[in-house]
Amino acid sequence: MIKKALPVASLLVLTALTMPAEASADEAPATATTTASIKGWGRMDFPAPGNDVQVSVDAHGTYTKDSPSFPTRSSGTFRVYHRIDQGKGKPAFVNWGDFTVDCLTTGGPTATVTGTLVRTVPGGPWQEFADRHARMGISFYVADKGGGPSRIGLSGLPKAGETQIAKCMAPAADAAVIKGGYVLQGKGLLNP
């Protein structure tokens, strides 16, 4: 009887090992999407005296298992503000631009955001860029606490006739953040 029971028991064990396991009610279902975001405000170091450059951002990106590197959807806004002291009792020159985010990519402590200019100082130096919805790219390096300054990189805006900067592209984050800061939530891992 033992000789007959062993092959049957072996067959039951083999069947149990090769059958797919059912998920328990306590396990979270696998997700096919993940999100990333960067939020905050910072004043960047600018090499010319009398210049005040500030960048505020609230950008979000959604990624899927089919597109884990580039977002399938991006949203949010960013603003670039630039004030220049004119000296000699003249009022300061102020320029700013509001951008609609069209891409947010993240990796480790870095993020790249691009967007198109939708609003600026009426009749100001960026009006022509706003009229054609020119794209700008900004990169961020968000340092860990005690890891040195965070950094920002700005692409600038393309002049008429120049090639528009591509979505999701920006220069290296080379200017130190001297006031303020950013909170970066990376996209994390995707489950199939």
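On a 1 Å grid over the protein atoms alone, a pocket is an open set of points where a 1.4 Å probe fits, with protein on both sides within 12 Å along at least five of seven lines, and its lining residues have an atom within 4 Å of a point. Keep that in mind while touring this predicted model, in which local features need pLDDT of at least 70, side-chain atom pairs count only at pLDDT 80 or more, and totals for chains, interfaces and linings use all residues. Residues are numbered from 1 along each chain as its sequence is written, and side-chain values use heavy atoms, with hydrogens and water left out.

**First stop: the pocket.** Select Phe46, Val53, Val80, His82, Phe93, Asn95, Trp126, Met136, Leu154 and Gly156, which line the largest pocket. Its volume is about 170 Å³, where a volume is the space filled by probe spheres set on the grid points, joined across faces, edges and corners. Seven of the lining residues are nonpolar, three are polar and none is charged; here Ala, Val, Leu, Ile, Met, Phe, Trp, Tyr, Cys and Pro count as nonpolar, Asp, Glu, Lys and Arg as charged, and the others, Gly among them, as polar.

**Second stop: the barrel.** Now show the strands, which are DSSP runs of at least two residues, numbered from the N terminus. Eight of them form a closed barrel in the order E1-E2-E3-E4-E5-E6-E7-E8, with antiparallel pairing, and two strands pair if DSSP finds at least two bridges between them. Select E4 together with strand E5 (residues 110-120), and you have an antiparallel pair joined by ten bridges; Thr106 stands opposite Ala111 in E5.

Which residue is joined to Cys103 by a disulfide? The partner is Cys168, with an S to S distance of 1.9 Å, and a disulfide is a pair of cysteine sulfur atoms within 2.5 Å. Cys103 lies in strand E4 (residues 93-107), while Cys168 lies in the loop between strand E7 (151-154) and strand E8 (175-185), 65 residues apart. The torsion about the S-S bond is about 100°, so the disulfide is right-handed. Cys103 is buried (under 20% relative accessible area, with a 1.4 Å probe and protein chains only), at 1%, and Cys168 is also counted as buried, at 13%.

**Last stop: a loop residue.** Finally, select Lys88 in the loop between E3 and E4, where phi is near 50°, a positive value in a residue other than glycine. Lys88 is exposed (over 50%), with a relative accessible area of 86%.

Terms used:
Helices (H or I, at least four residues) and strands (E, at least two) are DSSP runs, numbered from the N terminus.
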